[in-house]
Amino acid sequence: MSINKKINYFVAELLLFVLQNKYKKIINVSIELHDKGFRCIFKANKDVKISSNIFKNLKDEINAINNKNLQISFTYVSKETAISKFKNNKYKLIQIREAKYNKIPVITIGKNFIDIRDSNFDKRFSNLKWFDFTNVSTILHKKYNDKLTVIDGWAAENENDFANINDHFTKQTFEDHRKIGQDLELFCFDKNIGQGLPIWLENGTKIKFALEQYCKNLLQLNDYKFVQTPILGTVDLYKISGHWNHYRENMFPTIKTSDEEFVLKPMSCPHHIICYKQKPHSYRELPYRIAEFGIQHRYEASGGLSGLERVRQMQLVDTHTILIQDQIISEVKRIYKIISEAHKVIGTSIYSIDLSLHDPKNKKKFFDNEKMWKSAESQLEEALKSLNQPYKRVVGEAAFYGPKIDIQMKTTLGRIITISTIQLDFLLPERFNLQYIDKNGEKKQPIFIHAGVIGTFERYLAILLEQTKGKLPLWLSPIQVAILPINNKKHLTFSKKIHKLFIHNQIQSSLNESDERLNKKIRDAQIKKIPYQIIIGDNEIKTNKISYREYGKTATKTIPINKFISLISQKIKNKTK
């Protein structure tokens, strides 16, 4: 699939023009081109609501404006002139000041809209019938940490190219976790409950419980102790941690009582620190490892919500480790190996690894202690090097309290998202006055590591569904066996007996009691990607055996019931296909 970059750039410019005229409180940030189309990035005031509901209107307005044949001009101006023209746009000023050349290419549309644009794309297109928008999301600006809105889209020059590209995106839609989740009846959202608040349906809950049990066993085998902390914390708690100043716009509004002010928990680290502080600790107890399946709330912009990938309530496989300086590298390597094992067993593929570093020029976003940053970043990098893992250094993407290793995965729509993290933190131990007693009996300050093994259950299930296309490993499948009686009058009683036997042996079984024909029952089981379908007829009752077929295969095998139970139970136990 090839994209015409010139027409994509042109449509993106007109989109920004329409948005700026439609909503006066929008600031143009940038246009990005890629192999799937374009990305328009802009800053919108909080009272401006951007969602996919306005896509049709935007397309109509772009066509209307293009048909008016507005004056569009391209020119080069000096840096000084460009700075003057964009003096009210701090994002463009960065682009101007960092430009390698003294002449800045500028596009003007109509009387009011101006933008800096790539001079390679200077063609105007009179026919704009073939374009569309695919997604609305949010990102954070690397320098200012502002929340920005993103509209993704694509354009073609003719009907044939449009059809080819549209087929490509249609295929992506069927591989999108939202479509798969609907087919498998895993989760849903409801406007009366609230945007971005996922409801785990029966099948989704089974998957979540299986993931929880696996992660719990994995972490306990690696010496983590589980706790459970409240979903609230006082504003004072987050003022101490620093999140109130650095993360407040991502928190829900506060809840005030007569004598306290609370916020829904956006992260568990302050709570886990309080757990540690309940008694004195010796150096012999370190590393001190703590874990929780913590429910957290973060106020994501409505336009940025995207199925399970970006939600407002999430449950994180959250771990924190308190340790001594000379334990950092070995512990980071240890955590990375835990994360790697989890992805290998569950069956997800890592796309890339980022070493997320601070920007020393940005004193507002990052804790101002250059010595701390240098030490923390060098130790994380040393750990990665010793693991022989390829990675890239990304400046400006660290947390405000320390650098991190971000384990990235790629979505069906081509977005790169963070799943697992390992974050080094020298700041919180200082803010909370954490201590341990060293071998000389003196009080010392420890180091803190945040780590998410598979991140949140929500985001992880989104990527798992897309990578497997819904064909989950047997041990994670919410329905592992579908029992399909050929004729209910003759075969349902025996089918119920088999169903109860499977449930008793902890096999997730489903009995299709409908009066549909067998072919329809098989097709329904295939749509739900159930690993094993068991057909019950006269012969099965007579021989006390079962006939089964595996998902995606046409061959049918017949074996004794106990042998089938042993086969499936062993596969579930060993987490094999």
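Predicted model: local features only at pLDDT ≥ 70, side-chain atom pairs only at ≥ 80, totals over all residues.

Me: Which elements do the buried residues of H4 pack against?
Reply: They pack against strands S1 (26-34), S2 (37-44), S4 (103-109), S5 (113-116) and S7 (147-155), and against helix H3 (79-85).

Me: And which residues of H4 are buried?
Reply: Helix H4 covers residues 90-98, and its buried residues are Tyr91, Lys92, Leu93, Ile94 and Ile96.

Me: What caps the N-terminal end of H4?
Reply: Asn89 does so, with a side-chain oxygen 3.1 Å from the backbone nitrogen of Tyr91.

Me: Let us step back. How many helices and strands are in the chain?
Reply: The chain has 18 helices and 27 strands. Its C-alpha trace spans about 90 × 75 × 55 Å along the principal axes, and 52% of its 577 residues count as buried.

Me: On to a helix pair: at what angle do H1 and H2 pack?
Reply: Helix H1 (residues 5-22) and helix H2 (residues 55-67) pack at about 105 degrees, and their axes are 10 Å apart. That angle makes H1 roughly perpendicular to H2.

Me: Which residues make the contact?
Reply: From H1 they are Phe10, Val11, Leu14, Leu15, Phe17, Val18, Leu19 and Lys22, and from H2 they are Leu58, Glu61, Ile62, Ile65 and Asn66. By class, the contact of H1 with H2 has ten nonpolar, one polar and two charged residues.

Me: Now H12. How many residues does it have, and how far does it reach?
Reply: Helix H12 (residues 370-386) has 17 residues and reaches 24 Å from its first C-alpha to its last, close to the 24 Å expected.

Me: What covers its buried residues?
Reply: The cover of H12 includes helix H11 (328-346) and strands S16 (352-357), S17 (392-395), S18 (404-410) and S19 (416-425). Among the buried residues of H12 are Met372, Trp373 and Leu380. Just after H12, Asn388 takes a positive phi of about 55 degrees.

Me: Why does Ala399 count as buried?
Reply: Its relative accessible area is 14%, and buried means under 20%, so Ala399 counts as buried.

Me: Which residues does Ala399 touch?
Reply: Leaving out residues up to four places away in sequence, Ala399 touches Phe366, Trp373, Lys404 and Gln423. The C-alpha atoms of Ala399 and His358 are separated by 7.7 Å, although these residues are 41 apart along the chain.

Key. Residues numbered from 1 in each chain as written. Heavy atoms only, no water. Buried < 20%, exposed > 50% of the residue type's maximum accessible area, 1.4 Å probe, protein only. Helix = DSSP H or I, 4+ residues; strand = E, 2+ residues; numbered from the N terminus. Contact = heavy atoms within 4.5 Å. Polar contact = N/O pair within 3.5 Å; in protein donor to acceptor, adjacent residues only side chain to side chain. Axes fitted to C-alpha atoms, helices over the stretch in contact; angles between N-to-C directions. Parallel < 35°, antiparallel > 145°, perpendicular 65-115°, else oblique. Nonpolar A, V, L, I, M, F, W, Y, C, P; charged D, E, K, R; others polar. Expected span 1.5 Å × (residues − 1).
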